[in-house]
Amino acid sequence: MTESLFQSESWRQAVEQSFDVKILEYAPVTEPEGVGYYAVLSDLRGDRVVSTPFSDVCDPVLHTAEGWREFADHLRSFDLPVTIRPFEHANALADDRFEHRRELLWHGVDLTAGGDAIWDGLKSKMRTAIRRAPKQGITFRFSSAMADVETFHAMHVRLRKSKYRMLAQPLSFFAALNDRFGDRMAVLLAEDADGDPVAAMVFFAWDGIWYYKFSASYERSYRPNSAMLMAACREGADRGLSLMDMGRSDKDQPGLIDFKRTFASEERELATLHWAPEDHDDQAGAEASRTLGAMTALLTDPSVPDEVTADSGALLYKFFG
């Protein structure tokens with residue numbers, strides 16, 4: 001098992017810098033060449049262990065059942081609630097000491113046959129929707145410039161606020177990622193005929209995989225997401241990457257899931273593993289979580305300026321790990 005984007009040193013350093021956490025390594029005695037990553041979080045939401053925070057998934061780089069069990073035992077030894085988000089780690093997924101919550105789906109697109117093969121595999125209705133974007137004067141470009149990362153972030157703040165009533169990750173996180181990944185981090189911008197941005201997607205190229213990690217758009221009549229994803233498939237294939245990782249989706253997001261299924265060649269159900277000490281009771285942490293939820297609702301109200309919502313995310317997002 002090799003490292004994914006979320007296990008890479010670049011990602012871990014960006015998380016540590018942006019959210020004031022320390023991501024630790026554990027090498028089991030039974031598998032000293034392997035490693036598992038985790039963080040011990042202690043904040044107003046209480047004390048907890050996460051492997052690892054602010055990441056979609058994070059399999060330990062361990063190949064044996066003994067190595068996994070030792071790593072899991074190490075996490076449980078803190079006598080704190082533990083959350084693990086494996087992707088395909090068979091030993092983790094078979095561990096019945098953890099509660100398995102199956103609330104997520106993952107989708108991937110095979111890029112090995114090239115962009116034309118993906119295009120040919122789309123339904124005619126989708127191809128018609130993709131052709132509509134250039135007829136509307138929409139153009140696409142990929143960029144690794146920080147100015148375009150900032151353009152994406154402004155959309156990201158607006159979309160999460162208006163559509164989901166959620167705070168966005170701070171701009172400092174995207175700046176840290178941009179600094180560490182360089183041209184392996186790419187913003188795909190969709191711009192109208194006047195050159196104004198209407199939508200953006202953020203991708204990372206890592207170890208042969210094209211990670212589709214973030215997306216945002218302004219509330220306008222343009223709906224270029226399908227055309228953007230097709231452009232991203234071609235870009236990933238042209239870079240020689242074998243797979244587009246479309247990330248995880250909550251099962252209660254049917255629209256997003258249907259959109260991903262249009263392109264996906266693979267779908268998986270993901271399990272989040274939870275364990276807590278017997279009789280664990282964290283009423284203070286639960287109350288803090290409720291308070292954070294109430295504060296988020298206030299700070300994402302439509303009457304709140306986007307700048308205030310963005311600053312609030314910079315202050316509070318670290319508590320959502």
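This is a predicted model: local features need pLDDT of at least 70, side-chain atom pairs count only at pLDDT 80 or more; totals for chains, interfaces and linings use all residues.
Reader: What order do the strands of the open sheet come in?
Author: The sheet has 11 strands, and the order across it is 1-2-3-4-11-5-10-9-8-7-6, with mixed pairing. Strands here are DSSP runs of E with at least two residues, helices are runs of H or I with at least four, and both are numbered from the N terminus. Two strands pair if DSSP finds at least two bridges between them.

Reader: Strand 7, then. Is it mostly covered or open?
Author: Covered: seven of the seven residues in strand 7 (185-191) are buried. Buried means under 20% relative accessible area, exposed means over 50%, and partly exposed is in between (1.4 Å probe, protein chains only).

Reader: Which residues are on which side?
Author: Met185, Val187, Leu189 and Glu191 are on one side, with Ala186, Leu188 and Ala190 on the other. In general, side chains of a regular strand alternate between the two faces of the sheet.

Reader: How many bridges join strand 7 and strand 8?
Author: Seven, and strand 7 and strand 8 (197-206) run antiparallel. Glu191 has Pro197 in strand 8 as its bridge partner. Five residues sit between the two strands of that hairpin, and Gly195 has a positive phi near 85° there.

Reader: What about a parallel pair, which sense do strand 3 and strand 4 take?
Author: Strand 3 (46-51) and strand 4 (82-84) are parallel, with three bridges. Ser51 is opposite Ile84 of strand 4.

Reader: What kind of peptide bond joins Ser51 and Thr52?
Author: A cis one, with omega about -15°. Thr52 is in the loop between strand 3 and helix 2 (65-76). Most peptide bonds are trans, and most residues other than glycine have a negative phi.

Reader: Switching to phi: where does Arg165 lie, and what is its phi?
Author: Arg165 has a positive phi of about 55° without being a glycine. The loop between helix 6 (146-164) and helix 7 (171-181) holds Arg165, which is partly exposed at 35% relative accessibility. Asp279 is another non-glycine residue with a positive phi, near 65°. Asp279 is in the loop between strand 11 and helix 10 (283-299), and it is exposed at 71%.

Reader: New topic, holes! How many cavities of 30 Å³ or more does the count come to?
Author: Two. On a 1 Å grid over the protein atoms alone, a cavity is a set of points where a 1.4 Å probe fits but cannot get out, a pocket is an open set with protein on both sides within 12 Å along at least five of seven lines, and lining residues have an atom within 4 Å of a point. Points are joined across faces, edges and corners, and a volume is the space filled by probe spheres set on them.

Reader: What lines the largest cavity?
Author: Its lining includes Phe6, Trp106, Tyr211, Tyr212, Lys213 and Asp245, around about 60 Å³ of space. Strand 9 and strand 10 each supply at least two lining residues. The lining splits into six nonpolar, one polar and four charged. Nonpolar covers Ala, Val, Leu, Ile, Met, Phe, Trp, Tyr, Cys and Pro, charged covers Asp, Glu, Lys and Arg, and the others, Gly among them, are polar.

Reader: And which strand gives the most to the lining of the second largest cavity?
Author: Strand 11, with three residues. That cavity has a volume of about 40 Å³, and Arg85, Leu104 and Leu270 are among the residues lining it. By class, the lining has five nonpolar, one polar and three charged residues.

Reader: Last one: which residues lie nearest the centre of the second largest pocket?
Author: Ser4, Phe87, Glu88, Ile209 and Tyr211, out of 19 lining residues. Strand 9 (209-217), strand 10 (243-250) and strand 11 (266-275) are the elements that give two or more residues to this lining. The pocket has a volume of about 290 Å³, and its lining has nine nonpolar, three polar and seven charged residues.

Note on methods
Residues are numbered from 1 along each chain as its sequence is written. Side-chain values use heavy atoms; hydrogens and water are left out.
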